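Let's take a friendly walk through a protein model, stopping at a few places along the chain. Keep the 3D view open and find each residue as it comes up.

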Amino acid sequence: MNDTEIRGQLSKDDQLKFPSSIYSSKIIKISPSNEEKLEPNSILSSKKSLREEMQQICFYISQFKPSKIVTPFQGTWMLMSKDKSRFYFSNREGRIGIAKIDTKETCLDVDLEEGTIWTIALCNNDSYLFSGGKKGPIKKFSTVDMKQIDTYEGHTSEVNAILISSDERTMYSTGDDGTVLKWDITIPSSKPELLYTHNSLAYHMDLSVDNKFIATTSGERNVKVYSLEDKKIIKIIEEDFGTTWCVKITSSNTFIAFGDDRNLVYLYKFGSWERLRTFKGHTNRVRCINATHDERIIISGGIDNNIFLWDTLDKREGLLLEGHTNWVKTIIISPDNNFFYSLSDDCSIMTWRIPRFDYYTALTDSMPYNNVVAVYTGGRNTENLYMFSTTTLSKINRYGEMMSFNLTKKNYLHNIFNPKMDICCVISGNITRSYYYRGNNTAPKTKFTFEFYDVHNMILEKTETIDAYGIYSAMYSYDSKYIIIGEDRRCTILFANNLQVYHFFSSHKDYVQNLCQSPNCQLLFSSDKSGVIKSYDINGKKEIRSLIDTDAGVVAKMIVSSDNEFLIVLHKNYKVNIWATSKMIKVKSVIFHNVFDIQFIGNNNTLMCLYEKKLTAIEIPAFTCAFEIILNSVASYFAMSNDLTEIFFYQENGIFVYKNPYTVNTLSMYGDVSILNKYCHYIGRVASNKQETYEKSFNHWVIEPFHINAMHLYAYFNKGEFLEKALDDEAGFIISKSGYSPLDICLQMNNEDSVNLMFTKIKQESKKNPLFLNVLEKSLNRICMHGYSRTSKFLDIILCKSIDTTLQKFHHSNAKLPIILFSKELFTSKNSFMNSDQYSQEGQALQFLQTYFKMNMKPGSNESLDFIKSLILTENDSIFHKKFIQLILEEKWLRVRKVLLFQALIYLSYMALLSAYSSIPNWQVLISCFSLNIILILYEIMQIAFSGKDYFTDPWNYLDLIRSALMTLMFFQDLYNTGKYNDFLVAVVVFFTWIRGVSYFRLIKVTRYYINLLYEVIWDILPFLSILFYSTVAFCLIFARLDNLHETTFSFLTQSWEINVGGFDTAGYGKLWYLAFFFHTLLNPIVMLNLLISIMSHTFERVNSQIIVADSRELAGMILEGELLYFYRKNRIERTYLHVCTTLEVHSEENHVMSSLKEIKKKIGQLNTQHLSTASRLVVLEDTVRKIVDKIDDIKSIAEETRNLVSRTNT
């Protein structure tokens, strides 16, 4: 080949340095510590800002977007240079290409003129290239100038694979002639050694890393493994395969994997030749295969254009990566196991990050038996999963090892599990008839057997029998103290240790089918065949009330939320009712079509709902979807591990274990793992503002451990259209781990359009479900802080009408309303507001308002301080006009004012003593005064310690520091009698003390207004005083010059100032003096002072119009000062609901009705006007028509006369 035929010229520095095989001879084994570097084990170790979270997510997702190098032709084989800087690839037309990885550019495209090249290899530090293909001989080229320097003849047909040993002395090849040859490449044009042959075309070959084994695939539908040390075939793997096309021996000779034209990938144990897995995913022939250097992941590419990642250790589905549009020919793994590279017939080389998809695995891929009735996770032995059928008890551990135990009794009824002790109680017996009739407690009972099994050791510990009126349901109490059974028409509580009766409740009219207990073990719920639910107080041994929904039908399951606030009842018709346990009120109903099971997880108020092929997490009480996990087959049961880190699914194709999204600490994405690559690509395009179409299918994905979903991302990246569609499609409105909801992000990003959209959607949803307002729990501070005035609208819907129908409508007492109450219960008793005798059936109408989310209003707590600070720092004055804010401020003020009043009392005592000392100096009075001053100094020090730099934002605090310093100086000066300015210093201290005392008038509501007015007057008068002083000084200089400077300038300045205030004597004035006096009085006392009156009048009007805002700001400031004294409550969290009892505001409804009537009257008036106008137009039209008809008649008569005239003329 001539140099002129080379399309690209390489310099000496650009010489290719490819390894002798796809892998370097030095294989990097990824250790656990290395894996932690790839995925930090705790990325939430320190609190991150929203921006940092989003940056980390975007960076992580961006790595899943494959980068592409466009090649000039369709490739057949690819290698990476030894320095990992270039790709070297071949094609069917006999061309060789070189692409730089960093610049993604093709720097060489040369035609070797030897026809199709199927395979290539390099050696001698990438100095030489070997090519094999259509013509049979293997050719050797220099990579410096791409000139052929040797030929190796031996194959009689196409060569499909060439591999070179790690010592670069030996070459192995195979091809369509079925031979596997060994070459000594240290000898020019050496003759090959035949190792073995296939009876069909050989398609692919792999050389083990230690150069001890060769594996080949062929049309014989098998894989042959050859030992280079023993010089013989050690294994022919042949089962019911298709044509095998590719093979890979993993780096430590642990596995051998290969793919065939039946679209399958097979994994075998190397040496024992046991088939471990068969991977299904490709839809056409598997063309290439490779494995990560840690042997954990097998990567295959096919002519279906797809790439799959398969886990060799955990039994999980393959992960699909889509991106190529034509056959995938070669896959190369990066040495660090982070990335891989693929060559395709779509004329591209793609770089892929190997994604993490290890948040689920399979304990077993075969079902132990099909009649499982319950699945439990071990409490004491957390590594175990227990399964029960009607005849068998089984356990399976983390390694998939399973043990079974046959139950002794055949007439099985129920099994209940004690997770604290890993004890299972199996209840058996016969139920033949109805046992119990009301009023006849002597009706015969039947014996039932309780067998207690140690399920970890698979032994029967003890057997007990009891007499009962049938056992239709049973459960262990949460504290494992009791066993509760449902009988015919009653439920009975038994001591778990001896089955003695603690208490029984007889109130049902049918047999009890379902039982449920609250996690705090205080409430018990039972349901019978008719669907009636009874609630009981276990400790009080009394029935509370019945819960009836006549349309719901039979109950399938009942559970109580982790916070004991809600009872969730799933009926067999898939209707779900939510009852508030505090008042036994139904707060919401929803349909969960085809749901299999529901459970709560730990202390998290998230309802897990199992469907046929998915698990949906619903956050209670907002009832918004947190995420969905799509399963690969139908699931019958699921269970949460005792430490809440894993979720077990009993599926038709095995038992699968998923990491709990709420506890996972590595960055993971939950949804449909089979389209993980699509999700990453979609989110990446959203982040780069390149995604133009909204995808509904990604609404219920979640990114953990940040707990961020698509709504957060749409809000952050200002995708308003996507956000609106997601809200319409009921995407999860969830709060991230760092406390941000989609609304919070819109507020922080100052996206006013999205904020308005959020308000509309939240308001609409809250009308259907007031509990949806729970999504605002973390947003309150940001709503108050945000400068956009319309955000205050959220405060109008936060405090809304209670849905508690048991509250009274009227009262006749003199109770002062509104009555504010903070309660841990969603609904509170009417007696909490006033005594029952104060309510009536008529009188003053009442309304009860409440919040549907909890707030921490404990004075001194961090959350309470943050809320008050948000009110102080906000620029949005409109929030102070909201009823919710006013109620909160008043209530918080009532809680902290006693502290400030006590402080005011100390200061008043100090001020009185100081005033007494200034009038009558007395050493005892001074000591008492200084003692109080020490107390006030300590108070200021404490304020600085707990408020930090916020302390210096209040001007009064500067006065406190100055006053304290001057008082201390005065004390020691008087003590040692060292100063000659004692009287002056005392006067200054008195001045600052009395000035500071003005601030305490803020404690009194009626004087707080005047303090605000005083502030504003002082600030408004400052510009005026500067002009007044300017003119005063000017006339001072004029007077001094007119008097020929006979007196000091200061005397003329005082004289000029006295003229301003009316203190003057003109007896000795000359003409010029009087003229100057005239202009002075005209300008300052008349014009300037009248201007001052105008300014103060304007200030008064402004302050009066903003009196609520100013008063509220002052109140918030004092509340903050008071709450800082409760520093010992800083970390206390006591969240409560706000309840308000107030008078019914009927006037607003009357005004609404009147305005509606006026609007109707206006419309009627408009219609009447339109009618009159139309009538007058009809009259005009009628006259016009009449005139037209008259004209037509005239024309007809003229025409008749004309016709007669013509007729006579003709005659």
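Our first stop is Pro818, which sits in the loop between strand E60 (810-811) and strand E61 (819-823). The peptide bond that joins Leu817 to Pro818 is cis, with omega about 5°. Please keep in mind that this is a predicted model, and that the values below are computed from it.

Pro705 lies in the loop between strand E58 (702-704) and helix H4 (710-716).

**Loops with a positive phi**

Asn211 has a phi near 60° and is placed in the loop between strand E14 (202-207) and strand E15 (213-218). Trp273 has a positive phi of about 60°, and its place is the loop between strand E20 (264-269) and strand E21 (275-280).

Asn211 has 18%, so it counts as buried. Trp273 has 16% relative accessibility, so it counts as buried too.

**A strand with two partners**

Next, find strand E11, residues 170-175. How many of its six residues are buried? The count is six of six, so to speak a mostly covered strand by the cut-off of under 20% relative accessible area. In a regular strand, side chains alternate between the two faces of the sheet. In E11, Thr170, Tyr172 and Thr174 are on one side, while Met171, Ser173 and Gly175 are on the other, and both of these faces are covered.

E11 pairs with strand E10 (residues 159-164) in the antiparallel sense, over five bridges. It is also joined by five bridges to strand E12 (residues 179-184), again running antiparallel. Tyr172 is a handy landmark in E11: Leu163 stands opposite Tyr172, and in E12 the bridge partner of Tyr172 is Lys182.

Each pairing is also a hairpin. Between E10 and E11 there are five residues, and Glu168 in that turn has a positive phi of about 60°. Between E11 and E12 there are three residues, and Gly178 takes a positive phi near 80°.

| Serine | Place | Relative accessibility | Side-chain contact |

Asn632 is 42 residues away along the chain, and the C-alpha atoms of Ser674 and Asn632 are separated by 8.9 Å.

**The transmembrane regions and a nonpolar patch**

For the last part of the walk, move along to the annotated regions. An unreviewed UniProt entry lists "transmembrane region" for residues 899-917, 923-944, 984-1001, 1013-1040 and 1072-1093. What share of residues 899-917 is helix? In the model this stretch is 100% helix and 0% strand, with its end C-alpha atoms 27 Å apart. Residues 984-1001 are 78% helix and 0% strand, and their end C-alpha atoms are 27 Å apart.

There is also a nonpolar patch on the surface, with about 960 Å² of accessible area together. Its members include Ile1038, Leu1042, Leu1072, Tyr1074, Phe1078 and Val1087. Which elements give two or more residues to the nonpolar patch? They are helix H15 (1005-1042) and helix H17 (1071-1105). H17 provides the largest share, nine residues.

Phe1078, one of the patch residues, is placed in helix H17. With a relative accessibility of 42%, Phe1078 counts as partly exposed, because that label covers values between the 20% cut-off for buried and the 50% cut-off for exposed.

Technical notes. Residues are numbered from 1 along each chain as its sequence is written. This is a predicted model: local features need pLDDT of at least 70, side-chain atom pairs count only at pLDDT 80 or more; totals for chains, interfaces and linings use all residues. Side-chain values use heavy atoms; hydrogens and water are left out. UniProt positions are given in the numbering used here, feature names are shortened, and annotations may be inferred rather than shown by experiment. Helices (H or I, at least four residues) and strands (E, at least two) are DSSP runs, numbered from the N terminus. Buried means under 20% relative accessible area, exposed over 50%, partly exposed in between (1.4 Å probe, protein chains only). Two strands pair if DSSP finds at least two bridges between them. Patches are made of residues with over 30% relative accessible area and no salt bridge: like charges are joined within 9 Å, nonpolar side chains (Val, Leu, Ile, Met, Phe, Trp, Tyr) within 5 Å. Accessible areas come from the Shrake-Rupley method with a 1.4 Å probe; for residues, only the protein chains shown count as cover. A salt bridge is a side-chain nitrogen of Lys or Arg within 4 Å of a carboxyl oxygen of Asp or Glu.
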